[in-house]
Amino acid sequence: MSHSSSGAIPKLRDKLDTPIRWGIIGCGMIATHAICPAIRWSPMTRLLGVSSRDADTAQRKMREAQAERSYGSYEELLADPEIQAVFIGTPNGTHEEWVIKAAKAGKHILCGKSLALNSAAAQRMVEASQEAGVLLMEAYMYRHHPQWDTVRALIKEGRIGEVRLIRAGLCGPLHNTHDHRWSSTLGGGGLYDVTCYAANVARMLYGREPINVSARADTSTPDKVDRTSVAILDFDYGRMALISGSLASFNNQYCEIEGTFGRISIEHPFIPGWERTAIYLQHGMNAETIEIPGANHFLHQIEHFSLCLSDPTRPMSPAEDGLLQILVNESIEQAWLSGKVVEVPEP
C-alpha cells in the first residue's frame, strides 16, 4: 500500500454517513465475484459503475455485478465526476497505465496485485498518486482477514519466542494456455500471481524488508514466465523465509512460523473463503488450536480502504508502501535469472 506521508490525501468526510462511490476498471473474476459484492455489502460504499473495453460487455457485467451504471470504456468511467474510488482489476502489465490515469482523474485507487512489473513503474505510480493527493493501495486482501490479528498478537506476546523461519506458499494449476497469466507483457507467471503472497506475508510478519534473496524458477514456458518459483529471503539477524508459488501444481496454501521455542501454522493463510479457519499453536510441549470464525477479507479490505479515506491520519493495517513489495519481487526475478544472491535495494 502506498500513500502520501505528507498528509496530502484529501479528507472526504468526518464520518462515513455518505457511502463512497466506487467504479470498477476491468471486470475479471475477482472484480465481479469478490470486489463488487464486497462494495455492495458494506454500508460505507456504493457500487456506482463498472467499465469494460466495449459497451455490450459493460452492460452484461453491470447486470452480473448489480452495479448502477456501465461504461463502454475505462476512460468514460474515469471521466465521471461522481466516481470517487476505483478498483483496478486489469492484468498486471496494464496497472501502471490505469493507476496513473486514475490518479490524474482524482480517483482513489485500490489496485489488484501485483502493483507493477518493476520498481521503476511502481515508483511512477506512487509519485502520480502523491502528486494528485489520492490514496493508492495494493490489494493484498488476505491481510485483512481477522486471523492475522491473532497471529500477530501471538508473536508480539512471545508465545513462540523469537521468529527465526517462515515457510509460506500458494499453488494452483492454471490449465488455460491462453490466460493472460502466461503472458510476459501482461505480467504473467507464478511470481507476480502467487509466489508474491508468500513474500508479502514474510514481510508483514517480520515487519521489515529482506536484505537479500536467492531464487530458482521453472521458466520453460513459451513466454519464459515462471510456472513455479521458490526463493530464500534473508531478513538479517538470523531471520529467514522460504517461499514458493506455482501455477502448475495441485491447489495448496500454507504458512508456518517457527520460533525459538514454538511454532504457528495457519490452516488457510491466503484464501480462507467464508468458512471458519484455524491457527495451530505449539508452545514447547503444549499444543493449542485457535478457531477463527468465518469472515470475508474482501469486505474488510474495502471497509479499511474507505476508513482510510475518511481519516487520512488513520494507520494503514498494516502500514506499508506497495513499492517495497515490488522491489522484493523484482529482486527475486533477478536472482533466478542471474543464479546469484541479489541484494534488495532501498526505494
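**Close-up views of the predicted model**

**Figure 1. Ser114 lies in the loop between β5 and α5 (119–132).** Helices (H or I, at least four residues) and strands (E, at least two) are DSSP runs, numbered from the N terminus. A cis peptide bond, with omega at about -5 degrees, joins Lys113 and Ser114. The structure is a predicted model in which local features need pLDDT of at least 70 and side-chain atom pairs count only at pLDDT 80 or more, whereas totals for chains, interfaces and linings use all residues. Residues are numbered from 1 along each chain as its sequence is written, and side-chain values use heavy atoms, with hydrogens and water left out.

**Figure 2. Confidence along the chain.** The pLDDT is the predictor's confidence in each residue, from 0 to 100. Its mean for the protein is 92, and 95% of the residues reach 70 or more. Over residues 1–15, the pLDDT is below 50. This stretch has 45 contacts in the model beyond near neighbours in sequence, where a contact means heavy atoms within 4.5 Å. Where pLDDT is low, the predicted coordinates should not be read in detail.

**Figure 3. Six strands form an open, parallel sheet in the order β3-β2-β1-β4-β5-β6.** Two strands count as paired if DSSP finds at least two bridges between them. The edge strands, β3 (69–71) and β6 (136–139), each pair on one side only. From one strand to the next, the twist averages 25 degrees. Axes are lines fitted to C-alpha atoms, for helices over the stretch in contact, and angles run from 0 to 180 degrees between N-to-C directions. Strands β1 and β2 run parallel and are joined by 6 bridges; Arg21 has Arg46 in β2 as its bridge partner. Strand β5 (residues 108–112) pairs with β6 in the parallel sense over 4 bridges, and Leu110 stands opposite Met137 in β6.

**Figure 4. Helix α1 (residues 29–41) lies across β1 (20–25), β2 (45–51) and β4 (85–88).** The helix runs at about 145 degrees to β2. Strand β2 is largely enclosed by the rest of the structure, because 6 of its 7 residues are buried. Buried means under 20% relative accessible area, exposed over 50%, and partly exposed in between (1.4 Å probe, protein chains only).

**Figure 5. Lys61 in helix α2 (residues 55–65).** Lys61 is buried, with a relative accessible area of 14%. The side chain of Lys61 reaches the backbone oxygen of Cys27 at 3.1 Å. Residues up to four places away in sequence aside, Lys61 touches Cys27, Thr32 and Val50.

**Figure 6. The nonpolar cores.** A nonpolar core is a set of buried Ala, Val, Leu, Ile, Met, Phe, Trp, Tyr and Cys residues joined through side-chain atoms within 4.5 Å. The largest core has 78 residues, of which Ile24, Ile166, Leu205, Leu233, Ile257 and Ile332 touch the most other members. Helix α7 (residues 190–206) supplies the largest share of this core, 12 residues. A second, separate core of 29 residues includes Tyr74, Ile88, Ala103 and Ala122. Not counting residues up to four places away in sequence, the residues that Ile24 touches include Ala31, Ile35, Leu47, Val50 and Phe87.

**Figure 7. Nine strands form an open sheet of mixed pairing, in the order β14-β13-β12-β11-β7-β10-β9-β8-β15.** At its edges, β14 (286–292) and β15 (342–343) each pair on one side only. Helix α7 lies across β7 (163–171), β9, β10 (240–246) and β11 (252–259), and runs at about 155 degrees to β7. Helix α9 (residues 322–338) lies across β8, β9, β10 and β15, and runs at about 65 degrees to β8.

**Figure 8. Strands β8 (residues 212–218) and β9 (residues 228–234) run antiparallel and are joined by 7 bridges.** The bridge partner of Arg216 in β9 is Val230. Ala217, which lies in strand β8, counts as partly exposed at 29% relative accessibility. Apart from residues up to four places away in sequence, Ala217 touches Asp226, Thr228, Ser229 and Trp336. The C-alpha atoms of Ala217 and Tyr192, 25 residues apart along the chain, are separated by 13 Å.

**Figure 9. Loop residues with positive phi.** Lys224 is found in the loop between β8 and β9; its phi is near 65 degrees, a positive value in a residue other than glycine. Lys224 counts as exposed, at 62% relative accessibility. Tyr237 is found in the loop between β9 and β10 and has a phi near 55 degrees, a positive value in a residue other than glycine. At 60% relative accessibility, Tyr237 counts as exposed.

Notes
Polar contact = N/O pair within 3.5 Å; in protein donor to acceptor, adjacent residues only side chain to side chain.
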